Amino acid sequence: MADEFDVIVIGGGPAGENVADRAVRGGLTAAIVEERLAGGECSYWACVPSKALLRPVDLMGEVARVPGLSLGPLDVEAVLARRDEAVSNYSDSGQVGWIEGVPAEFVRGHGRLDGPKRVRVTTEDGGERVLTARQAVVLATGSTAAVPRVPGMVEAEPWTSHEVTAARSVPERLAVLGGGVVACEMAQAMHGLGARQTTVLVRGGGLLARMEPFAGELLADSFAEAGIEVRTRTDAVRIERPERGGKVTVHLSEGPPVEADELLVATGRRPATGDIGLGTIGLPDGKYVEVDDSMRATGVPDGWLYAVGDVNGRALLTHMGKYQARICGDVIAARARGDELPAMRDLADGFGAPQVVFTDPQVCAVGRTEAVAREEGFRVRVVDYELGSVTGAYLLGDGYRGRARAVVDEDRKVLLGVTFVGPGTAELLHGATIAVTAEVPLERLWHAVPSFPTVSEVWLRLLEAYGL
Ligand SMILES: Cc1cc2nc3c(=O)[nH]c(=O)nc-3n(C[C@H](O)[C@H](O)[C@H](O)COP(=O)(O)OP(=O)(O)OC[C@H]3O[C@@H](n4cnc5c(N)ncnc54)[C@H](O)[C@@H]3O)c2cc1C
Ligand SMILES: NC(=O)c1ccc[n+]([C@@H]2O[C@H](COP(=O)([O-])OP(=O)(O)OC[C@H]3O[C@@H](n4cnc5c(N)ncnc54)[C@H](O)[C@@H]3O)[C@@H](O)[C@H]2O)c1
């Protein structure tokens, strides 16, 4: 087996797979080193299982809003079985087959840099293999859950995103630490699937703090109606769990302690760069790998190292990692041919990545929030519209609530950002992504006529509210 490739990718998640694919399409050879399952976190312990668990909860909300419909009791076992199917029963044979079809070589084992352009792989049987790259090494090792240092936390063995997305049963009482995307999605999934008491413990003032403030507020209203308790401005100061897997108590800086059957820690991520040999090339271990817009690591002589996906810290989202990967694979192939193609650069992260939070209501945003746009010095005007006033939204169900916001650059009359909060708004987001990315002038957007009666009519209402 040849151990020299044009490109060696460490990490076989969505980002790593796509780099190899593009590099091979560009005429290069590639190998992917993966220590666990090809497909990465996203396929088995993140995006896919979380959305499989949320889908029935979302549908229950939809059905409850339509008079004349009712649901039978929820079959949790069937939901968990569908989740297992969605994660291919934790088998990566399909993904390995896809990689081999690229064609790229799949090497299972732990990869570490071993000086420039060399990767030392510790294989499952404890053996070693040294791979050499003719052109580039790409880091695509992703991220892992960051668990805060709180007395008793390690001993309590709390759930992280791994355990909650792979849950085999639903805890009766769940405490959730964090108010970000994982906390909100998983609190709602577990509550909807039968947790009797769900308490979300938020350090800051509200949920989803990086989004427009009304997003977290509307979600908090929905949580309150569903019986999910949200406690804000409180920190975990001590965790007590006398028996492994038994009752857990979270002592807080503010308010009474929370007793639960399980604790989910959803307090952000850290890059998976602690043990990948960065020290052998003079980079610090355990930090995000800084890259330029071609995904090339900065500060590495001769420019042979690249990093894509969560590991570069630009946007911790699968679709953005895959986008960066396409750029990276194309750039490496172009550079190998001696073409320097300046157009192959990451633009989308600069605009502000699109993101859908799959809660009820869904929270969908692209571009800059009002606060970020102002901070960056844009002359901003904001227009809001209540989604429930749009006929298409009203027809989706009784008591439909939601809001849309457009953040307009008053100097160029283009959209800097758009947020939709409301049931069933996820599929609305790509229209906004196109408008923001293509910087479509509002006067032109006016001629994009939304169909009646769809929720998309909110576009017309926003432009009218703006004054067109
Ligand atoms: C609960 C949850 C839900 C999410 N939902 C969404 C969503 O709906 N939409 C969305 O866009 N994003 C979502 N995300 C974020 C998304 O999962 C990540 O952005 C995405 O997985 C990043 O892809 P990646 O390829 O960079 O890394 P990963 O998917 O983390 O893959 C990295 C791979 O590298 C391997 N690896 C690491 N170190 C080594 C090594 N030294 N040697 C060999 N292999 C190694 C790992 O085993 C892993 O397979 C979610 C995240 C979580 C936690
Ligand atoms: N649908 C999606 O697109 C989706 C779903 C899940 C995750 N993700 C991505 O995965 C990444 C990780 O999600 P996440 O929710 O873990 O991170 P996050 O950064 O979204 O939220 C982290 C939360 O934890 C809080 N926190 C941080 N340190 C804390 C501490 N010591 N004590 C208490 N609270 C603390 C923060 O204030 C914040 O509320 C995100 O960047 C997100 O974009 C995306």
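The centres of domain 2 and domain 3, taken over C-alpha atoms, lie 31 Å apart in this predicted model. Those domains belong to a protein chain split into domain 1 (4-39 + 92-144 + 270-337), domain 2 (153-267) and domain 3 (361-466), with bounds that come from an automatic or database domain assignment.

A word on conventions before we go on: residues are numbered from 1 along each chain as its sequence is written, while chains are lettered from A and ligands numbered from 1 in the order in which they are written. Local features need pLDDT of at least 70, side-chain atom pairs count only at pLDDT 80 or more, and totals for chains, interfaces and linings use all residues, with side-chain values using heavy atoms and leaving out hydrogens and water.

Let's look at where domain 2 meets domain 3. Here 11 residues of domain 2 are in contact with 13 residues of domain 3, contact being heavy atoms within 4.5 Å. About 1,000 Å² is buried between the two domains, and carbon and sulfur atoms give 67% of it; buried area is the accessible area (1.4 Å probe) that two parts lose on being put together, summed over both. On the domain 2 side, Glu 212, Phe 214 and Leu 218 lose the most area to domain 3, together 58% of what that side buries.

The rule finds 2 salt bridges between domain 2 and domain 3, each a side-chain nitrogen of Lys or Arg within 4 Å of a carboxyl oxygen of Asp or Glu. Glu 225 and Arg 401 form a salt bridge, their closest N and O atoms being 2.9 Å apart.

Now turn to the ligands. Ligand 1 is surrounded by 35 residues, of which Glu 34, Lys 51, Gly 111, Asp 310 and Thr 318 are the closest; a residue is near if one of its heavy atoms lies within 4 Å of the molecule. A polar side-chain atom of Asp 310 sits 2.7 Å from an oxygen atom of ligand 1, and for Arg 36 a polar side-chain atom is 3.4 Å from an oxygen atom of this ligand. The protein covers 93% of the 1,000 Å² of accessible area that ligand 1 has on its own, with areas from the Shrake-Rupley method and a 1.4 Å probe.

Around ligand 2 there are 20 residues, and Gly 179, Val 182, Glu 185, Gly 268 and Val 356 come nearest. A backbone N or O atom of Val 356 lies 2.7 Å from a nitrogen atom of ligand 2. Taken alone, ligand 2 exposes 840 Å², and the protein buries 78% of that.

Conventions. Polar contact = N/O pair within 3.5 Å; in protein donor to acceptor, adjacent residues only side chain to side chain.
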